[in-house]
Amino acid sequence: MAQWTQMKQLIPYLATQILNELYSPSFPMDVRCYLANWIEEQRWYDVDQEPQALTLLDQIISCLQNLAGQNPNVVERMRLQRISRNMNMFRSQPFQLVLTVRDVLRKERELLSQSTQFPALARFSQPPAQDSMAAAPPTRDVDLLVLKVLEIQDCRQQIHQLQEELNWERQNYDLEKCQSRLINSIKAWRWEQHQATIGHPFDDNLSPLQTWCEQLLGVNGKLRQEVMLAGEPIPELQERLGRLLQTLIQSSLMVDKQPPQVIKTQSKFSTTVRYLLGEKVAPGKPVLFKAQIITEAQARNLGQLGSLPSENVGELINNTAILEHNTSGKSTCATFRNMSIKKIKRADRKGSESVTEEKFALFFTTEISITGCDIPYRIQMISVPVVVIVHGSQDNNALATIIWDCAFSEPERIPFLVPERVPWKQMCRTLNSKFMSEVGTQRCLDNYNQHFLAQKIFDKPDIAGDYSNMLVSWAQFNKEVLPGRPFTFWQWFDGVIELTKKHLKSYWSDGLIFGFIGKQHLHLILKDRPNGTFLLRFSDSEIGGITIAYVAPSENGGQKIQNIQPSTKRDLEIRSLGDRIQDIDFITHVYPDLPKNDVFRKYYTGKSYLWGGGGAKVLSQMEPYPLYSALF
């Protein structure tokens with residue numbers, strides 16, 4: 001309670017503003033006064049868990065309530081009860097109480113150490129008048145002795161408090177916890193960047209992480225300086241600070257702009273790495289980054305910092321870049337422009353493995369010196385997986401490998417492991433996300449579309465069925481051809497994406513295209529509709545086609561469902577879907593019952609064409625488009 005005894009002497013001479021800043025409404029002076037002895041006996045700097053903090057809070061409230069019950073003064077009793085109730089504000093965040101008390105005790109010590117600045121207390125430090133010394137020299141000596149003892153007590157308390165803080169810091173290591181949160185945030189940014197390939201939202205702003213890295217570097221430097229000035233060596237602390245520094249310097253390298261994930265040999269591409277501690281790089285020799293291409297096996301061996309690929313598996317052109325600082329953008333980057341893969345060495349393949357299933361990565365490395373650090377550091381980073389192809393015909397299959405990798409890999413995986421099978425519901429989310437992001441639409445694949453996709457990939461024509469818990473294999477996705485078709489599921493689905501993105505985006509976004517639907521379901525929803533009712537569906541018999549299914553009269557006076565031959569990308573480049581719909585007189589209403597001219601009018605150009613022989617001529621009437629599917 002020695003500290004509060006001194007504070008009571010000092011408080012009358014403190015300005016109201018200082019007192020208000022010292023004792024806030026959440027921790028008023030009354031609490032400090034009534035519980036002075038108890039407060040100074042607690043080891044506040046040893047508290048690092050919320051249960052401990054909650055126990056201290058309960059004890060404070062209990063003490064205040066006991067004091068209120070024992071106080072005969074009604075006014076003081078009511079005030080103590082009110083204060084005890086207000087202390088419950090810390091219950092949701094009990095550790096905030098610990099921080100508040102620590103802050104109050106620290107500020108009190110600072111004020112006591114500056115007590116000679118207050119006029120009423122300055123007499124202890126001023127020599128008394130000559131006549132006073134002659135009249136009562138013992139009094140002066142006693143006054144000086146009292147002051148010296150107070151100073152000694154204050155120094156001892158500060159040393160004790162600092163020792164407690166150091167012990168607490170050694171045990172809990174705030175910097176380590178804060179840096180761990182930073183590293184997790186950096187990993188999350190990289191993971192979100194990887195997931196953006198399949199359409200997941202991604203904020204590529206690295207400025208907050210850069211500020212965080214710079215601040216932690218500054219804190220680490222100051223702590224290392226304080227450890228050196230401490231007088232006695234603290235090897236454990238020095239070692240931990242050194243490890244944290246190395247991790248921070250290494251983790252601050254990011255691949256800001258990833259390379260294309262499907263790279264064709266002899267084709268130019270670019271990529272950018274960014275160093276979040278760029279402003280702290282020591283001036284002098286330029287920092288030169290080097291890139292090389294590595295295999296999946298080599299990527300797995302990079303876990304130990306310092307290990308380099310032992311074999312060069314590919315020849316990269318323009319594979320060096322200088323780290324440059326952009327003052328306006330406050331970023332420090334090395335941009336590899338006009339890179340290309342001249343040649344690539346393939347690994348031995350097993351069984352039916354294809355070259356488009358083989359994953360590589362770009363490996364970036366350099367040696368860097370940081371201001372305030374004694375030694376240079378070698379830093380390295382790898383890109384997301386890439387597939388290297390030699391011909392454009394391999395692009396679709398290579399993209400399938402990338403889609404599977406981005407969608408179904410785990411954040412902390414061994415490079416570049418992926419599962420062989422995944423749940424359909426996970427696959428369905430991926431297809432929907434990829435479709436929406438590539439097409440650039442807010443309209444998703446509805447339940448009807450998703451159900452037909454499941455029927456397609458599992459070869460289950462029965463309209464009834466729950467596929468959510470079934471597993472989809474990589475082979476079903478893009479290795480085995482669909483039954484009765486010369487293409488895989490992904491090749492077919494990707495063809496629909498390309499067609500919709502280039503020619504049907506507005507139609508799809510306006511809800512005019514039904515999309516993916518099987519023939520059984522099609523017959524079910526159209527069978528009771530009037531003749532001329534139609535809907536637009538993606539062809540399931542060829543890649544990248546859209547067809548018109550409509551209700552037509554049958555020869556026996558009934559009805560039949562027919563499909564017009566699919567229109568492909570080439571067809572729609574010649575004549576738009578809207579004009580094709582306008583041309584066909586026997587389709588009149590869009591399912592369920594909307595007049596086609598009301599719905600498609602904005603897509604009409606006002607002219608009708610008959611195509612043949614590579615030319616076109618305007619006709620007054622249009623001959624029917626060829627049919628390819630009759631009654632079923």
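What share of the contacts in the protein chain with a separation of 6 or more comes from residues 24 or more positions apart? Such residues account for 66% of these contacts, a contact being heavy atoms within 4.5 Å. The model is predicted, so local features need pLDDT of at least 70 and side-chain atom pairs pLDDT of 80 or more, while totals for chains, interfaces and linings use all residues. Residues are numbered from 1 along each chain as its sequence is written, and side-chain values use heavy atoms, without hydrogens and water.

The protein chain holds 22 helices and 22 strands. These are DSSP runs numbered from the N terminus (helices: H or I, at least four residues; strands: E, at least two). Of its 632 residues, 44% count as buried. Buried means under 20% relative accessible area, exposed over 50% and partly exposed in between, with a 1.4 Å probe and protein chains only.

Helix H16 covers residues 447-458. Its 12 residues should span 16 Å at 1.5 Å a residue, and its end C-alpha atoms are 16 Å apart, which agrees. The expected span is 1.5 Å times one less than the number of residues. At the start of H16, a side-chain oxygen of Asp446 comes to within 3.1 Å of the backbone nitrogen of Tyr448. After H16 comes Asp459, with a positive phi near 55°. Buried residues of H16 include Asn449, Phe452 and Leu453. The buried residues of this helix pack against helix H15 (424-439), strand E13 (471-473), helix H17 (474-478) and helix H18 (489-509).

The largest nonpolar core has 62 residues. Such a core is a set of buried Ala, Val, Leu, Ile, Met, Phe, Trp, Tyr and Cys residues joined through side-chain atoms within 4.5 Å. Trp424, Phe477, Phe493 and Phe600 touch the most other members. H18 gives the most to this core, with 10 residues. Leaving out residues up to four places away in sequence, Phe493 touches Leu431, Phe435, Leu445, Leu453 and Phe516. Another core, of 51 residues, lies apart from it; Leu209, Leu277, Ala321 and Phe336 are among its members.

The largest pocket is lined by 36 residues. A pocket is an open set of points on a 1 Å grid over the protein atoms alone, where a 1.4 Å probe fits, with protein on both sides within 12 Å along at least five of seven lines; lining residues have an atom within 4 Å of a point. Arg190, Met381, Ile382, Pro411 and Pro415 lie nearest its centre. H10 gives the most to the lining, with nine residues.

Technical notes
A polar contact is a pair of N or O atoms within 3.5 Å; within protein, one must be able to donate a hydrogen and the other to accept it, and residues adjacent in sequence count only if both atoms are side-chain atoms.
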